[in-house]
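Please work through the exercises below with the sequence and the model in view, trying each task before reading its solution.

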Amino acid sequence: MNAIILLFVVGALLLTAEIFLPGAIAGIIGGVALAAGSLLSFHEFGFSGGLLASFGALLLVGVMLYVELVVLPKTAFGRRMVVQSTVSATSQPPPAAADAVVGRDAVALTTLAPSGYVEVDGRRYEAFSRSGLVAKGATLRVVGVDNFRIIVSQS
């Protein structure tokens with residue numbers, strides 16, 4: 001009887017610790033402890049006692065999940081545990097302003113297969129060719145700007 005109670009208490013404590021600890025290790029060990037307590041109660045108290053203990057373990061897991069996912073985020077303590085700020089910056093600036101390069105002529109500095117480097121108004125840009133393979137030195141036209149490169153097409 002003491003082992004069953006100890007397994008249930010350890011399981012509940014580990015499930016509680018799962019809220020504060022990163023990873024899922026504490027929750028998995030807590031679930032295993034609850035399962036072991038249920039199996040031990042089947043052995044010690046028979047089918048009805050084991051079924052009652054298993055139901056209690058499932059009820060305990062359900063209550064813990066409800067508290068963790070529904071109740072805790074609504075409390076001041078839970079809101080302090082979660083990062084609320086957002087990042088409005090980008091990891092790198094756009095390669096070029098679209099209105100400054102779209103429609104301009106570009107010269108392929110490398111072979112574009114279909115990506116490579118081009119020069120537009122004396123500046124080097126990474127580019128993607130909609131025309132597929134383009135030889136070095138070819139004249140191209142800038143047709144758009146992507147997140148990290150400009151888009152070119154053969155004239």
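## Exercise 1: Ser-153

Locate Ser-153 and describe its surroundings. Ser-153 is found in strand S5, where a strand is a DSSP run of E with at least two residues, numbered from the N terminus. The model is predicted, with local features needing pLDDT of at least 70 and side-chain atom pairs counting only at pLDDT 80 or more, while totals for chains, interfaces and linings use all residues. Residues are numbered from 1 along each chain as its sequence is written, and side-chain values use heavy atoms, leaving out hydrogens and water. Not counting residues up to four places away in sequence, Ser-153 touches Ser-131, Leu-140, Arg-141 and Val-143 (heavy atoms within 4.5 Å). With Ser-131 there is a side-chain to side-chain polar contact of 3.3 Å (N or O atoms within 3.5 Å, one able to donate a hydrogen and the other to accept it).

## Exercise 2: strand S5

Find the partner of S5. Strand S3 (residues 123-129) runs parallel to S5 (residues 150-154), and three bridges join them; strands pair if DSSP finds at least two bridges between them. Within this pair, Ala-127 stands opposite Ile-150 in S5. Five strands close into a barrel of mixed pairing, in the order S1-S2-S3-S5-S4.

## Exercise 3: two helices

How are H1 and H2 oriented to each other? Helix H1 (residues 2-17) packs against helix H2 (residues 25-71) at about 160°, their axes lying 5 Å apart (axes are lines fitted to C-alpha atoms over the stretch in contact, with angles from 0 to 180 degrees between N-to-C directions; helices are DSSP runs of H or I with at least four residues). The two are therefore roughly antiparallel, a word used for angles over 145 degrees.

Notes. Angles under 35 degrees count as roughly parallel, over 145 as roughly antiparallel, 65 to 115 as roughly perpendicular and the rest as oblique.
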